[in-house]
Amino acid sequence: MKLTSEVGVNFIPPGITHHDKIYLIGSCFTEHMANKLQEAGFSIKNNVHGIIYNPISIRQSISEVLENKQYNAEDLFLHQGLWHSFNHHGSFSGTDPAAVCQRINETIKEHREFLLQAKHVFITPGTSWLYRKKSSAQVVANCHKVPGYEFEKVLMDAEEETNRWLELIQQLQLFSPEITVHFTISPVKHLRDGFFENNLSKGMLHRLIYNIMQQNKSIGYFPSFEIMQDELRDYRFYDRDLAHPNALAVDVIWEK
C-alpha cells in the first residue's frame with residue numbers, strides 16, 4: 001500500500017558529476033543544499049550577496065556578478081551604527097564602509113571567476129512578495145530593520161519579470177556556454193505573510209518559472225517544493241516553527 005505520492009526527479013543525462021562546478025543562489029534552503037553538496041565533495045559556491053528570497057533581487061545579484069559591479073560608499077547606507085547594502089544580506093554589514101565595500105567587491109570577483117567555469121546553476125526563490133523603498137522605488141533584498149513605513153509591499157508581476165529573466169539567462173549562457181540553469185522553489189513557508197498570501201506567492205513563483213521554461217527549453221526544474229508539499233506532506237517533517245523543513249526533510253530532498 002502506498003501512503004504518499006512519490007515525486008519524480010529527472011535530470012538530462014549525464015546529470016551532475018563530481019567533475020562539475022555547481023553554483024547556487026537564493027533563499028535559506030539554498031544554504032542547506034550547498035552544505036550537503038560541499039560535504040559530498042562537490043565544488044560549489046553559493047549566494048554572492050548572501051541569502052536572498054525574491055526573484056528580482058536574485059536576478060539583480062547574478063547580473064552584478066556578470067558585469068563585475070564594484071560597490072563604493074555611495075551604494076551603502078548607515079543604520080543603527082552599521083553600514084548596509086539593500087542588495088545584500090546583513091552578514092555583509094559592518095562599521096567601516098570601505099571594509100564593507102572591499103568584502104562585497106572581492107566576493108563578486110571570486111564568484112564571477114567561479115561562474116565562468118560552472119556547469120550547473122541552481123536558482124531558488126522563496127517568495128514573490130517584494131519590499132520596494134518608497135523614496136527610490138528600489139526593490140530591496142533585505143530591509144535591515146529599517147522602519148517598515150519606508151517600504152511598500154507589493155506582489156511580483158510574473159509576466160513582466162519573465163522577459164527580464166529570459167534576458168539574464170541568455171547573458172549567463174553567453175558568459176559561460178557550458179552552463180545548465182535549474183530552478184527550484186524553496187519549500188519554506190512564509191507564514192508571516194499569511195497562509196493565503198504564502199500560497200499566492202508560491203503560485204506566482206511557479207508561474208514565473210513555467211513562463212521561463214516554456215520559452216527556453218534548456219531550463220531544468222528540481223521539485224523541492226513539490227517533494228515537501230506532496231510527498232512528505234506531514235508536520236513531522238517541519239521544524240518547531242512549522243514553516244522550515246527539518247533535518248529529516250532536508251535529507252530526503254538531498255537524497256532525491
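**Exercise 1.** Is Ser176 buried or exposed? Place Ser176 in the chain and list what it touches.

Solution. This is a predicted model, in which local features need pLDDT of at least 70, side-chain atom pairs count only at pLDDT 80 or more, and totals for chains, interfaces and linings use all residues. Residues are numbered from 1 along each chain as its sequence is written, and side-chain values use heavy atoms, with hydrogens and water left out.

Step 1: The classes are buried (under 20% relative accessible area), exposed (over 50%) and partly exposed in between, with a 1.4 Å probe and protein chains only.
Step 2: The relative accessible area of Ser176 is 3%, so Ser176 is buried.
Step 3: Ser176 sits in the loop between H4 and strand E9 (180-183). Helices (H or I, at least four residues) and strands (E, at least two) are DSSP runs, numbered from the N terminus.
Step 4: Contact means heavy atoms within 4.5 Å. Not counting residues up to four places away in sequence, Ser176 touches Leu115, Leu116 and Ala118.
Step 5: Between Ser176 and Leu115 there are 61 residues in sequence and 7.4 Å in space, C-alpha to C-alpha.

**Exercise 2.** Check the length of helix H3 (residues 97-117) and find what its buried residues pack against.

Solution. 
Step 1: The expected span of a helix is 1.5 Å times one less than its number of residues.
Step 2: H3 has 21 residues and should therefore span 30 Å; its end C-alpha atoms are 31 Å apart, which agrees.
Step 3: The buried residues of H3 are Val100, Cys101, Ile104, Asn105, Thr107, Ile108, His111, Phe114 and Leu115.
Step 4: An α-helix has 3.6 residues a turn, so residues three or four places apart point the same way.
Step 5: The partners of these buried residues are strands E1 (21-26), E2 (43-46), E4 (82-84) and E5 (120-124), together with helices H2 (55-67) and H4 (158-175).

**Exercise 3.** Do the same for H4.

Solution. 
Step 1: The 18 residues of H4 should span 26 Å at 1.5 Å a residue, and the end C-alpha atoms are 25 Å apart, which agrees.
Step 2: Buried in H4 are Ala158, Glu161, Thr162, Trp165, Leu166, Leu168, Ile169, Leu172 and Phe175.
Step 3: The cover over these residues includes H2, H3, E5, E9 and helix H5 (195-215).

**Exercise 4.** Where does Leu82 lie, and which residues does Leu82 touch?

Solution. 
Step 1: Leu82 is part of strand E4.
Step 2: Its relative accessibility is 33%, so Leu82 counts as partly exposed.
Step 3: Leu82 touches Phe77, Gly94 and Thr95, not counting residues up to four places away in sequence.
Step 4: Leu82 and Pro97 are 15 residues apart in sequence, and their C-alpha atoms are 8.5 Å apart.

**Exercise 5.** Is Glu226 buried or exposed? Name its contacts.

Solution. 
Step 1: Glu226 is found in helix H6.
Step 2: Its relative accessible area is 16%, so Glu226 is buried.
Step 3: Leaving aside neighbours within four places in sequence, Glu226 is in contact with Val7, His206, Tyr221 and Glu231.
Step 4: Glu226 and Ala34 are 192 residues apart in sequence and 19 Å apart in space, C-alpha to C-alpha.

**Exercise 6.** Compare the radius of gyration of the chain with the globule rule, then describe the chain as a whole.

Solution. 
Step 1: The radius of gyration is taken over C-alpha atoms, and the globule rule is 2.2 Å times the number of residues to the power 0.38.
Step 2: For 256 residues a compact globule would have a radius near 18 Å; the chain has 18 Å, which agrees.
Step 3: The C-alpha trace spans about 60 × 40 × 35 Å along its principal axes.
Step 4: The chain has seven helices and ten strands, and buried residues make up 50% of its 256 residues.
Step 5: Among contacts between residues at least 6 apart in sequence, 69% join residues at least 24 apart.
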